[in-house]
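Hello,

Here is the structure I promised to pass on. Have a look at it first, and my notes follow below.

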Amino acid sequence: MTTAEQLAKIEADVWFFDLDGTLYSAVEKINQVFKAKYLELVMAVYGLDLAKAEQKLVELQFKHKTHLMRPALVRDGVPTGIISSFTAFRIDTKKFGIASPRKRRENLLVAMGERIVLTNSPESYAWQMLRALSVRDLFAYVIGAESMDKGRVFKPECGAYNALIVALGNGRRVV
């Protein structure tokens, strides 16, 4: 059974999609670039060289009990706008071959109901990725890092899924 056939069998009012690794698959390449961008940010913010920036990032992740770089920096007081300007807004999606395979679009069209992206990435970055994938028009909205409890919680923490809880509480069928 194809993905489209499987999705066609599921009745849902709303579909929540992750961005990285779900709607596109060049995650390893992009993660390497993001790590370099985050290290540049740590060097600039904390005035460190590369070796010390790597150590500082690990320390912040441990201190703030997360394996994610963005939440570690946010919780350490680095403004989200600065994080985005050093990271997400410096990624060239075309460089990674993120294109719009027809199959992806066909599969998304079969997922009848409202489509929403729920991501730890900034909302503007998620919209940029959806445009690069040529599926921007298929999504009602994006719930990004800055909307999850005002940027204080991140997936996989429970508070990041409040939108799903609200949808379920309103009697909506959620996938």
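**What I found**

With a relative accessibility of 36%, Ile82 counts as partly exposed, a class that lies between buried (under 20% relative accessible area) and exposed (over 50%), using a 1.4 Å probe and protein chains only. Ile82 is found in helix α5; helices (H or I, at least four residues) and strands (E, at least two) are DSSP runs, numbered from the N terminus.

Before you read on: this is a predicted model, where local features need pLDDT of at least 70 and side-chain atom pairs count only at pLDDT 80 or more, while totals for chains, interfaces and linings use all residues. Residues are numbered from 1 along each chain as its sequence is written, and side-chain values use heavy atoms, leaving out hydrogens and water.

Now to the strands, which pair if DSSP finds at least two bridges between them. β2 (residues 114-118) is mostly covered, with 4 of its 5 residues buried. β1 and β2 are parallel and share 4 bridges, while 3 bridges join β2 to β3 (residues 141-143), also in parallel. Val117 stands opposite Val142 in β3, and Phe17 stands opposite Val117 in β2.

Enjoy exploring!
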